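Q: I have a model open and want to learn how to read its features one by one. Where do we begin?

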Amino acid sequence: MNGSRTQSNVRSHISPDVNAAADACARHIAALLEQALAERRSATLAISGGAGPRPMFERLAAIPLVWRNVHIFWVDERAVPPADERSNYKLAEESLIRPARIPGENVHRIRGEMKAEAAALAYAGDIRAFFKLDDNQLPVFDVVHLGLGENAHTASLFPGDPLIDDRSGIAAAAHVDAEPPWRVTLLPGVLLAARHIAAHVTGAGKAEAVRAVFREPFDPNKYPAQLAHRGHDTVWFMDAAAARLLSAE
Ligand code: 6PG
């Protein structure tokens, strides 16, 4: 099974396996960045972490782009130092930033080694400075890359977190039911303001979360990843295992 389905601003692209899904997502993100670079001097990409993205990042890094004009931000980070195995920065550094030779000044990491609240404030300040934002403005990223947790979380917005209702802030500290518990996350208003969202989900363990996100009534407090359905332009890249409960209908 390989194909795209259109529902207004949301499409899903289902690939036969993990590698094909990584490849499709990487090509999509690269095309969006190329389009952004044709329109503006630089392009901005906010990336997620966790276990899923590595093969996608490796493919993305291998695509010839003017990487020196691409700025990398994070959707979320765990409160760990950058050399920690759990660091989303470390994952991206190894699989995307170093292989693509993205210059250090384009890498806007969240300082996981700081206390999460201080790191969130510092990150919001870095974003405001980069995008030259006034007090109430939100940044508009060219591409926001999202993942999906088994409990339907996205970014570090876990079910029931009051941060899910925040549409005006840029970044916040979140205390989540996962290891490590302290995280820094972009807030929903920023995810929704992005020009494009590319969600990448693989593995049978995500099938029920995918089903809930697509089939249950909109209730982001219960299924935070449903926020992606309210983006301007969202494509979900899945392998057949993750999409299994969609195709059954
Ligand atoms: C993180 C991520 C997170 C991720 C989902 C899915 O720091 O954990 O950025 O939001 O997208 O948890 O993660 P997996 O790919 O590990 O399942």
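A: Begin with A152, which is buried, with a relative accessible area of 3%. Buried means under 20% relative accessible area, exposed over 50%, and partly exposed in between, with a 1.4 Å probe and protein chains only. This is a predicted model: local features need pLDDT of at least 70, side-chain atom pairs count only at pLDDT 80 or more, and totals for chains, interfaces and linings use all residues. Residues are numbered from 1 along each chain as its sequence is written, and side-chain values use heavy atoms, with hydrogens and water left out.

Q: What is the phi of A152, and where is the residue found?

A: Most residues other than glycine have a negative phi, and most peptide bonds are trans. In A152, phi is positive, near 70°. The residue is in the loop between β7 (143-146) and β8. Helices (H or I, at least four residues) and strands (E, at least two) are DSSP runs, numbered from the N terminus.

Q: Is R101 buried or exposed?

A: R101 counts as exposed, because its relative accessibility is 73%. R101 also has a positive phi, about 55°, and is not a glycine. Its place is the loop between α3 and β6.

Q: Which peptide bond is cis?

A: The bond joining E179 and P180 is cis, with omega about -10°. P180 is in the loop between β8 (171-175) and β9 (182-186).

Q: How do I read a helix such as α3, and why is it largely enclosed?

A: Count its buried residues. Eight of the 10 residues of α3 (residues 88-97) are buried, so the helix is largely enclosed by the rest of the structure. The buried ones are N88, Y89, K90, L91, A92, S95, L96 and I97. Their cover includes β3 (43-47), α2 (54-61), β4 (70-74), β5 (76-78) and β6 (107-108). At the start of α3, a side-chain oxygen of S87 comes within 3.1 Å of the backbone nitrogen of Y89.

Q: Which residues is T44 in contact with?

A: Contact means heavy atoms within 4.5 Å. T44 lies in strand β3 and counts as buried at 4% relative accessibility. Leaving aside neighbours within four places in sequence, T44 is in contact with L33, H71, F73, F130, F131, V140, F141, D142 and V143.

Q: Where is H200 found, and which residues is it in contact with?

A: H200 is in strand β10 (residues 196-201). Its relative accessible area is 7%, so H200 is buried. Beyond neighbours within four places in sequence, its contacts include A21, A22, C25 and F237. The C-alpha atoms of H200 and A21 are separated by 7.7 Å, although the two are 179 residues apart along the chain.

Q: How many residues surround the ligand, and which are the closest?

A: A residue is near a molecule if one of its heavy atoms lies within 4 Å of it. Here 14 residues surround the ligand, the closest being A51, D76, H153, A155 and K206.

Q: What lies 2.6 Å from an oxygen atom of the ligand?

A: Look at A51 and H153. In A51, a backbone N or O atom lies 2.6 Å from a ligand oxygen. In H153, a polar side-chain atom lies 2.6 Å from an oxygen atom of the ligand. A polar contact is a pair of N or O atoms within 3.5 Å; within protein, one must be able to donate a hydrogen and the other to accept it, and residues adjacent in sequence count only if both atoms are side-chain atoms. R183 has a side-chain N or O atom 3.3 Å from a ligand oxygen.
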